[in-house]
Amino acid sequence: MSHTHDLAGFLAGLRYADLPESVLLRTQELFLDWLGSALAAQGAHPIPLFEAYARHMGPASGPARILVNGAGSSAYFAALVNAASSHLVEQDDLHNSSVLHPATVVFPAALAAAQDLGKSGRELLLAAVAGYEAGIRIGEFMGRSHYRIFHTTATVGTLAAAVAVGKLMEFDSEQFINLLGSAGTQAAGLWEFLRDAADSKQLHTAKAAADGLLAAYLTRDGLSGARNILEGEQGMAAGMSRDAEPALLSARLGSRWALLETSFKFHASCRHTHPAADALLEVMQREGLEHGQIARVLTRVHQGAIDVLGRVQVPQTVHQAKFSMGTVLGLIAVHGKAGLPEFQRHGLNDPRVAAFRDKVGMQLDPEVDAAYPARWLGRVEVQCVDGRTLHGAIDEPKGDPGNGLSRAELEDKLQRLLQFSGARTPEQGNALIRRVWALRDAADLNSLL
């Protein structure tokens with residue numbers, strides 16, 4: 001377990017002064033992006049179910065804030081609801097090589113605990129960086145085989161959330177080892193829900209954030225955990241992976257800031273659809289095509305896309321439509337966008353989108369598959385009604401670090417998400433943006449929202 005020891009030691013020794021300016025700036029941007037995703041889910045199924053559960057089981061008030069309704073609650077229930085809401089509209093961030101959505105598990109747990117413990121903005125930022133760095137490395141360690149059956153954001157996300165809270169509590173390396181043990185033994189989340197259009201994806205992130213927080217609070221009070229939960233012969237990799245690489249747990253700690261590699265989501269859909277969506281958009285714009293001029297689209301994809309998207313044939317819900325390659329490309333072709341309004345208005349009810357969906361196929365491409373998950377390549381072959389065959393290629397989808405969103409674009413995205421749900425007025429959105437950009441100077445987080 002030498003690599004686990006190295007990771008725990010790094011987490012224990014990490015200080016705010018160690019963080020490069022680029023890391024601090026990106027963490028603030030990721031936090032703003034996460035807030036928009038969480039608030040965009042206000043009032044949307046199944047989030048009210050999580051709110052009702054928190055009201056029934058939790059305290060009537062508390063120091064931690066539930067974003068979608070403004071209620072105070074315990075840190076546990078605030079983390080639970082906020083993690084569920086921030087993973088609903090499919091606009092939260094993704095780290096490519098770990099196939100992990102870090103924000104939706106790290107920030108709910110860290111913010112709730114920071115409000116509970118009276119921590120500052122700087123302490124929240126440090127905790128978030130620790131959660132990202134640990135979660136991304138553990139996701140990479142678990143390998144591609146893990147993601148085929150397990151939803152990595154649910155499993156690895158439990159440990160990422162736990163690490164963030166443990167950092168707020170200033171754990172030493174021994175406590176981090178115990179913390180990983182108690183978080184890892186709770187790790188769960190299976191992809192089977194996609195076949196049934198079930199609501200489990202929100203349960204996954206809710207439980208990951210809340211269970212990570214639970215593990216940290218119990219570790220603080222003396223609960224011990226398995227000492228080798230990652231590398232042990234009956235640990236996570238042994239039970240959930242066939243291609244785990246322990247060296248990835250500790251590779252380049254302190255020199256490679258994996259958080260900087262995180263991508264923002266441009267389209268409001270599963271990230272596996274984004275490369276093909278961007279490639280199709282590029283072809284249509286380049287050639288001046290209308291959707292009616294296209295006879296068929298073949299998307300050349302990695303195996304992970306087939307494993308996840310191949311389960312959805314005819315989507316039954318708006319959320320399931322976001323995991324349908326044909327629906328996403330249909331929205332791109334017919335409406336030019338695959339944003340929240342397009343999914344809400346046209347994802348299930350537009351016959352033109354449905355007709356285009358049936359024209360779209362997926363095929364495993366060796367080049368694309370070999371690059372994944374470090375790079376998510378977009379390759380499409382477009383057959384036109386007039387007999388032409390056109391090709392589109394995108395090496396960095398919109399939102400990737402090399403093709404990222406500027407601060408102005410992130411601010412615009414936030415405002416669009418707030419407008420979609422009605423959670424905040426534009427003026428309130430601007431005030432929220434100002435507070436986030438000044439987060440490192442916040443003495444406490446009680447008035448942040």
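In which helix is Phe420 found? Phe420 has its place in helix H18, which covers residues 407–421. The model described here is predicted.

**Overall build**

The protein chain holds 19 helices and eight strands. Its radius of gyration is 21 Å, close to the 22 Å that the globule rule gives for 449 residues, so the chain is as compact as a globular protein of that length. Along the principal axes, the C-alpha atoms fill a box of roughly 70 × 50 × 40 Å. Of the 449 residues, 61% count as buried. Among contacts with a separation of 6 or more, 78% are made by residues 24 or more positions apart.

The accessible surface of the chain is about 16200 Å², and carbon and sulfur atoms supply 50% of that area.

An unreviewed UniProt entry lists residues 267–438 as "domain: MmgE/PrpD C-terminal". Over that range the chain is 48% helix and 15% strand, and the end C-alpha atoms are separated by 28 Å.

**Phe420 and its contacts**

Leaving out residues up to four places away in sequence, Phe420 touches Ala40, Leu340, Pro341 and Gln344. Ala40 is 380 residues from Phe420 along the chain, yet their C-alpha atoms are 6.4 Å apart.

**Two residues of helix H9**

Helix H9 spans residues 200–220 and contains Gln202. Asp211 is also found in helix H9. Gln202 has a relative accessibility of 1% and counts as buried. Asp211, with a relative accessible area of 7%, is buried as well.

Which residues does Gln202 touch, not counting residues up to four places away in sequence? They are Pro46, Ile47, Phe50, Ala84, His87, Leu88 and His319. With its neighbours within four places set aside, Asp211 is in contact with Tyr76, Thr158 and Gln186.

**Backbone details**

Pro46, one of the residues touched by Gln202, lies in the loop between helix H2 (21–40) and helix H3 (47–57). Pro373 is located in the loop between helix H17 (366–371) and strand E7 (378–384).

| Site | Backbone feature | Angle |
|---|---|---|
| His45 to Pro46 | cis peptide bond | omega near 5 degrees |
| Tyr372 to Pro373 | cis peptide bond | omega about 5 degrees |
| Val99 | positive phi, not a glycine | phi about 50 degrees |
| Ala197 | positive phi, not a glycine | phi about 55 degrees |

Where is Val99 in the chain? Val99 sits in the loop between strand E3 (94–95) and helix H5 (103–117). Its relative accessibility is 7%, so Val99 counts as buried. Ala197 belongs to the loop between helix H8 (173–184) and helix H9. At 19% relative accessibility, Ala197 counts as buried because the value is under 20%.

Note on methods
Residues numbered from 1 in each chain as written. Predicted model: local features only at pLDDT ≥ 70, side-chain atom pairs only at ≥ 80, totals over all residues. Heavy atoms only, no water. UniProt positions renumbered as here; feature names shortened; annotations may be inferred. Helix = DSSP H or I, 4+ residues; strand = E, 2+ residues; numbered from the N terminus. Rg over C-alpha atoms; globule rule 2.2 N^0.38 Å. Buried < 20%, exposed > 50% of the residue type's maximum accessible area, 1.4 Å probe, protein only. Contact = heavy atoms within 4.5 Å. Areas by Shrake-Rupley, 256 points an atom, 1.4 Å probe, with all protein chains shown as cover.
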